[in-house]
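Biologist: I'd like to learn how to read a model like this one, feature by feature. Could you walk me through it?

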Amino acid sequence: MSNLLMAGKKVLVVGIANDKSIAYGCAKVLKAQGAELAITYLNDKAERFVRPLAEELEADIFMPLDVSVPEQMDAVFSELESRWGELDGVIHSLAFCPLEDLHAPISECSRTGFLQAMDISCYSFIDMAARAKRLMKNGGSLINFSYLGSALATGDYNIMGCAKAALEAATRYLARDLGPQGIRVNSISPGTIATRAAGGIKDFDAMLQHNEEMACDGKLPTIEEVGNSCLYFMSPLSEGVTGQIHYVDHGVCIVG
Ligand code: NAD
């Protein structure tokens, strides 16, 4: 019998854009521990960057998924059901906000931009949880990714801070809702990492520098470090842990 922590476990990974993505760091660590992966890509433009990574990770399932399109969510979950029949984990590693709203002071953000940011960055996690629970016959683990800007007014995070605060609240309510089914729900809150999505934040380089200065050891997190925490949440190592916001930020969140 394999002693790998994720041997035979089936995990859906949503949010790989390229090899800098947090979701890629997570998928690599899970694969090394024996997980079987379903990997999605946003659209045709993204496919050519994600396909080689899905091949490298020997993904069983590789499909398009824009979480704001219900038919695509239907297609992914029906493929998971017909190919695997069950699911053990979901990694929701995605966020979106129109750039003009992200760059505006919070008092100037538009209603449409706000609703779109909430829909894609928060509601999609609730939607995925509802679909996943039907396939998690033996319990399971769901994780998403938040940021310290949910709890504090940090840098130029603005509208995304509101979306992440809602996502963290959804994590706690889903943990309570799905606990009786043996499904755990947690949020990982990494420090700043230079990824494609992060590049959309105004003055992100200044945020990186500030985080490096604030870190207890003067370091920024890597996607592999975040991946190791993801392994903890996906595996029995975190049995008994649910509804938590878990920081992987080299201590930035505890420094006053
Ligand atoms: P990334 O650009 O590599 O990944 C973001 C992903 O979101 C992309 O794969 C993109 O395709 C996906 N996405 C956007 N809209 C989507 C939609 N409608 N449907 C499906 N997928 C969609 O950037 P990342 O930094 O790896 O981001 C992953 C998660 O980590 C996000 O939730 C982000 O807010 C969070 N996070 C990032 C940082 C950081 O500093 N990079 C810090 C804390 C939290």
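This is a predicted model: local features need pLDDT of at least 70, side-chain atom pairs count only at pLDDT 80 or more; totals for chains, interfaces and linings use all residues.

Biologist: What is the phi of Asp 203 near?

Modeller: The general idea comes first. Most residues other than glycine have a negative phi. Asp 203 has a phi near 55 degrees, a positive value in a residue other than glycine. Glu 58 is another case, with a positive phi near 50 degrees. Glu 58 sits in the loop between helix H2 (44-56) and strand E3 (61-64), and Glu 58 is exposed, at 53% relative accessible area.

Biologist: Back to the loop between E6 and H7. Is Thr 192 buried or exposed?

Modeller: Thr 192 lies in that loop between E6 and H7. Thr 192 is buried, because its relative accessible area is 3% and buried means under 20%. Leaving aside neighbours within four places in sequence, Thr 192 is in contact with Tyr 147, Phe 204, Met 207, Leu 208, Asn 211, Leu 220 and Pro 221.

Biologist: And where is Thr 154?

Modeller: Thr 154 is in the loop between strand E5 (140-145) and H6. Thr 154 counts as buried too, with 17% relative accessible area. Beyond four places in sequence, Thr 154 touches Tyr 147, Leu 148 and Gly 149. Thr 154 and Met 207 are 53 residues apart in sequence, with 8.8 Å between their C-alpha atoms.

Biologist: Now strands. Which residues does Ile 188 touch?

Modeller: Ile 188 belongs to strand E6 (residues 183-190), and Ile 188 is buried at 0% relative accessibility. Not counting residues up to four places away, the contacts of Ile 188 include Ile 143, Phe 145, Val 226, Phe 233, His 246 and Val 248. For a contrast between chain and space, take Ile 201: 13 residues along the chain from Ile 188, with 19 Å between the C-alpha atoms.

Biologist: Which strand holds Val 248?

Modeller: Val 248 is in strand E7 (residues 245-248), and Val 248 is buried, at 10% relative accessible area. With residues up to four places away set aside, Val 248 touches Ile 188, Ser 189, Pro 190, Gly 191, Pro 221, Glu 225, Val 226 and Ser 229. Arg 184 and Val 248 are 64 residues apart in sequence, and their C-alpha atoms are 19 Å apart.

Biologist: How many residues surround the ligand?

Modeller: 27 residues surround the ligand, and the closest are Ser 21, Ile 22, Lys 164, Ile 193 and Thr 195. A backbone N or O atom of Val 67 lies 2.9 Å from a ligand nitrogen atom. A polar backbone atom of Ala 17 is 3.4 Å from a ligand oxygen atom.

Terms used. Residues are numbered from 1 along each chain as its sequence is written. Side-chain values use heavy atoms; hydrogens and water are left out. Helices (H or I, at least four residues) and strands (E, at least two) are DSSP runs, numbered from the N terminus. Buried means under 20% relative accessible area, exposed over 50%, partly exposed in between (1.4 Å probe, protein chains only). Contact means heavy atoms within 4.5 Å. A residue is near a molecule or strand if one of its heavy atoms lies within 4 Å of it. A polar contact is a pair of N or O atoms within 3.5 Å; within protein, one must be able to donate a hydrogen and the other to accept it, and residues adjacent in sequence count only if both atoms are side-chain atoms.
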